[in-house]
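Please look at the sequence and the structure shown here, and then read the short report that follows.

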Amino acid sequence: MQTQILPPNKENIALAAKLLQNGEIVGIPTETVYGLAASALNGEAVKKIFSAKGRPQDNPLISHISSMDMLPMIAQNIPSACYTLANAFWPGPLTMVLPRSADVADEVCAGLDTAAVRMPSHKAALDIIAAAGVPLAAPSANLSGSPSPTTARHVMDDMDGRIPLIIDGGACTVGVESTVISLCTQAPLLLRPGHITKEQLEAALGCEVLLSQAVLHMLPQGAQAPSPGMKYKHYAPKAEVILIKGSLNAYNKYVNAHAQSGTYRLCYLGEENLSAVPCVTYGHENSSDEQANRLFSALRELDAKNAKTVYARCPEESGEFMAVYNRILRSAAFNIVEV
Ligand code: TXA
Ligand code: MG
């Protein structure tokens, strides 16, 4: 199959919509990461997403809507907290887990009685969903286990020959996947941190949001994951990534002492010249937005350079840095060295 990359003009939005209505899958831009989209109401189309990505069948997908009218196609018995959060954060990088409707394809929910839904803010994403006229199920458009794609080129690198069309909406502004919150638990439960923080959710809801243990820690063997995606290896480049927790000085000392051929630093901007070990940067130390925006393309860059071992500077765990910490922790397969 020939894979085309086209800009999001009227004609190409209509082409994407037509493919989606015909049960095909299309790479689409969102503000977080690129998605691999299919009609959320068409189980056969959704199956194509799983096979193009090589995604485990028991990992459910997020459905994307362009207006509140579409919400009942995905969810029912909607709690008032959903409307509170939709008012505060939609369109935007927030996904809510709700009781599922009967319309949404079983393949989207992977056997659960809940469904995840969000309204993205990227204009091309909203235009494609509206033109297709149905909610679109869309996981990140990477091969399962690889870093999520933040440009159309990244999608092409993973999906060339597997899908007919990628709509190029430019580089993603957020750069890490949406925040996922479950509203199906006794108290709201944060399943995946993102650009919208736990603190922002608590301020909007006026109550405490619990943090799933799996966000910051490895799940104990045999434990049941509250979100199936937590079980799987994620965001990993081919190189071994090791997170180094400690001062800049201690980090440089450690890296210099352990460097071999194929060793790279994954460090902050401004630290490039502090060691002779080659590096890729991921934003300034004090900017979670820059780090989120850069992390996945930095991991792909390290692969392109054939890095074997990557020593990464470790961001803070809490507040606005939690999303970056969560992703880099998984790309390092929870491998942390304290220095
Ligand atoms: O920013 C994003 O959310 C991107 C863009 C394309 O919108 N999408 C994305 O999808 O990250 P994906 O499939 O890579 O991640 C979906 C996550 C997985 O961890 C999955 O386990 C979880 O959401 N999830 C989906 N449905 C769920 C459900 N019913 N209950 C709990 N977790 C769910
Ligand atoms: Mg993903």
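## Polar contacts of the ligand

In this predicted model, a polar side-chain atom of N59 lies 2.8 Å from an oxygen atom of ligand 1, and a polar side-chain atom of S178 is 2.6 Å from an oxygen atom of the ligand. An N or O atom in the side chain of R118 is 3.1 Å from an oxygen atom of ligand 1, where a polar contact is a pair of N or O atoms within 3.5 Å. Of the 690 Å² of accessible area that ligand 1 has on its own, the protein covers 96%, with areas taken from the Shrake-Rupley method and a 1.4 Å probe.

## The shell around the ligand

Ligand 1 is surrounded by 26 residues, and the closest are T32, H64, S178, S227 and G229; a residue is counted if one of its heavy atoms lies within 4 Å. By class, the shell holds 13 nonpolar, nine polar and four charged residues, with Ala, Val, Leu, Ile, Met, Phe, Trp, Tyr, Cys and Pro taken as nonpolar, Asp, Glu, Lys and Arg as charged, and the others, Gly among them, as polar.

At least two shell residues come from each of β4 (62–64), β6 (114–118) and β10 (189–192), and β6 supplies the largest share, four residues. Strands are DSSP runs of E with at least two residues, and helices are runs of H or I with at least four, numbered from the N terminus.

## How the model is read

Residues are numbered from 1 along each chain as its sequence is written, while chains are lettered from A and ligands numbered from 1 in the order in which they are written. Local features need pLDDT of at least 70, side-chain atom pairs count only at pLDDT 80 or more, and totals for chains, interfaces and linings use all residues, while side-chain values use heavy atoms, leaving out hydrogens and water.

Technical notes: A polar contact is a pair of N or O atoms within 3.5 Å; within protein, one must be able to donate a hydrogen and the other to accept it, and residues adjacent in sequence count only if both atoms are side-chain atoms.
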